[in-house]
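Subject: Structure handover

Dear colleague,

Here is the structure for your files. My notes follow it.

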Amino acid sequence: FLVRVDDIEWMESSGNYVNLYSGGRIYPLRSTLAELTDRLRSKGFSRIHRSYAVNHYAIDHISYQSSGDGEIHLKNGHKLNLSRRYKDEFKQKLA
């Protein structure tokens, strides 16, 4: 399958694969999440969790919890966890 980078909403690590989520469909790609996020950083993607990366343009809003973690609400209705470990770097990328 050919998937436009702009159409990818978020990515999830799954063993030796990364699942690309786009338009309600899942596209598996043999890669690591770190490698793919590095390649797509200039296109507006950031790592937000050990298992997730998100397209900045797919974000609706972000809510933070008192524990330091957060939740990213996407325009399509999905919610992704934002871990404390990636929060500061993520905030810098959005600014």
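In the hairpin of strand 2 and strand 3, two residues lie between the strands, and Gly23 has a positive phi near 55°. Strands here are DSSP runs of E with at least two residues and helices are runs of H or I with at least four, numbered from the N terminus. The bridge partner of Ser22 in strand 3 is Arg25. Strand 2 and strand 3 run antiparallel and are joined by six bridges; two strands pair if DSSP finds at least two bridges between them.

This is a predicted model: local features need pLDDT of at least 70, side-chain atom pairs count only at pLDDT 80 or more, and totals for chains, interfaces and linings use all residues. Residues are numbered from 1 along each chain as its sequence is written, and side-chain values use heavy atoms, with hydrogens and water left out.

Strand 1 (residues 10-14) is also antiparallel to strand 2, through five bridges. Ser14 sits opposite Tyr17 of strand 2. These two strands make a hairpin with two residues between them, and Gly15 in the turn has a positive phi of about 65°. Of the six residues in strand 2 (residues 17-22), five are buried (under 20% relative accessible area, 1.4 Å probe, protein chains only).

Strand 3 (25-30) and helix 1 (33-40) each give at least two residues to the lining of the largest pocket. Among the lining residues are Phe1, Leu20, Tyr27 and Arg39.

Regards

Methods:
1 Å grid on protein atoms, 1.4 Å probe; cavity = no way out; pocket = protein on both sides within 12 Å on 5 of 7 lines; lining within 4 Å. Buried < 20%, exposed > 50% of the residue type's maximum accessible area, 1.4 Å probe, protein only.
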